[in-house]
Amino acid sequence: MVDLSLFPPTTAIDGADLTVGGCSLIAIAREFLTPAFVIDETALRSRAQEYIREFKSQHPRSRIHFAVKSFPSASVIRVLAEEGVGFDVVGAGELRIALTAGADPATIVMHGNAKTDDDILAAIDAHIGYIVVDGFDDIRRIKELATERVPVLLRVTPAIAVSTHDALATGSAASKFGLPIDQVPDAISLMRSVPAIDLQGLHAHIGSQILGLEQFEAEVAALAKLERFGVYDFGGGLGVRYVDQDKAPSIAEYAERLTGALHREIGADVDLLVEPGRSLVAPVGLTLYRIVTVKRTARTYVAVDGGMGDNLEHSLYGQDFSPLVVGRWDEEQVIADLVGRHCEAGDVITPHVALANPQVGDLVAVPVTGAYCFTMSNNYNAALRPPVVFCREGVARLGVRRETYNDLVAREVS
């Protein structure tokens, strides 16, 4: 029995093929080539609706803002905007993508630990919902650049150690993000002395791929010790299952625990903002590769036509995945390292994984790649960044085209 529990919800076996949203992966590989990012559009829409429904049922004054950094594509943003989701952007670049996709500026929140003058001006000019003040230099820039009152939130570093990879933890006392609690009163006092700043609330974000809900409750308790405001943004960070042994809370459980802590510690008469990224998009995406070579030496290496050019998760964070060789459902499995084509020993998609009789030319589908893989795709070894293909009700449509070799040299000036 093939376990598809980690794959997008509409995934199904069709003979020697896999379908997503009623679309054949074999046909997608033939039409759009490989590697390719494949998005289950029905699941993406359903997940957005689930986030809104679960939080509003627990706390009617909730708003969901998608963390654009997890999939900074107008194609994804446009779908989520249609479902009523707002957006969390980092800097002027992500803001431009969100506006291009048709996002309502009033639904946008801008983050950034080192926002430039251009970032601040872009946010002011677009009249976004909130600028998140990350430190005293943000206050100075808004004071100097704003000609009218700007709604802001203050990012607080709650000094919470979370159970995740060190590079994904953002709420510790040593974090580069936000202000430590002992500096918050001075920052609040300074902002209230600036006519152009309309301080409306507090913000915190403790990290990413967090599987223990008690850590979010601790985040709420930390902010509850500070002056009370009308708006609280607790960021995102809910983790997802990447491999069978992972146990991730549901969106409903997350909403219940976070809003419960809010009501206990702060109250119910406040606006709540939540910024899911990975937990919204990771489970609705997969990456489709074709096997280029199988090498049996001291280890067995199955190398595909992508790798760290389209998935840096293992290289950066040690994240493992659960790939399937398409069509070889009942064949003998081998333990192999699934690796890429890039000239780097660290070019590993997932090591020591069971693959069913992998052969050159076979398709490999790697689930739970809907977050950060597109974000960090790159041109290592002049590889072309993959397309994004949306699948829904039997129709596969292109959201982002594959790069071309002309794109690689387009910015060269000599």
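**Helix H6**

I began with helix H6 (residues 136–145) in this predicted model, and I looked up which of its residues are buried: they are Asp-138, Ile-139, Arg-141 and Ile-142. I then checked how these four are arranged around the helix, and because they cover an arc of only 165° around the axis, they lie on the same side of H6. I noted for myself that an α-helix has 3.6 residues a turn, so residues three or four places apart point the same way.

Which exposed residues does the face turned away from the buried side of H6 carry? I found Lys-143 and Glu-144 there. I also looked up what the buried residues of H6 pack against, and I wrote down helix H5 (117–126), strand S8 (130–133), strand S9 (150–157), helix H7 (184–192) and strand S11 (197–203).

**Nonpolar cores**

Next I turned to the largest nonpolar core, which has 101 residues, and I asked which of them touch the most other members. The residues that came up were Leu-44, Phe-66 and Leu-154.

**Aromatic rings**

I then searched the whole structure for aromatic pairs, and the search gave 8 of them. One of these is the pair of Tyr-51 and Phe-55, which is stacked, with 6.0 Å from centre to centre and 10° between the planes. I saw that both residues belong to helix H2 (residues 41–58), where they are separated by about one helical turn because they are 4 residues apart.

Tyr-51 also pairs with Tyr-254, and I noted this pair as edge-to-face, with 6.4 Å from centre to centre and 85° between the planes. The pair links distant parts of the chain, since Tyr-51 is in helix H2 and Tyr-254 is in helix H9 (residues 251–265), 203 residues apart.

**A charge over a ring**

Last, I looked at Arg-397, and I found its charged end sitting over the ring of Phe-390, 4.4 Å from the ring centre.

Notes. Residues are numbered from 1 along each chain as its sequence is written. This is a predicted model: local features need pLDDT of at least 70, side-chain atom pairs count only at pLDDT 80 or more; totals for chains, interfaces and linings use all residues. Side-chain values use heavy atoms; hydrogens and water are left out. Rings of Phe, Tyr and Trp (its six-membered ring) pair if their centres lie within 6.5 Å; planes under 30 degrees apart count as stacked, over 60 as edge-to-face and the rest as tilted. Helices (H or I, at least four residues) and strands (E, at least two) are DSSP runs, numbered from the N terminus. A charge sits over a ring if NZ of Lys or CZ of Arg is within 6 Å of the ring centre and within 35 degrees of the ring normal. A nonpolar core is a set of buried Ala, Val, Leu, Ile, Met, Phe, Trp, Tyr and Cys residues joined through side-chain atoms within 4.5 Å. Buried means under 20% relative accessible area, exposed over 50%, partly exposed in between (1.4 Å probe, protein chains only). The arc is that of the directions from the helix axis to the C-beta atoms. Contact means heavy atoms within 4.5 Å.
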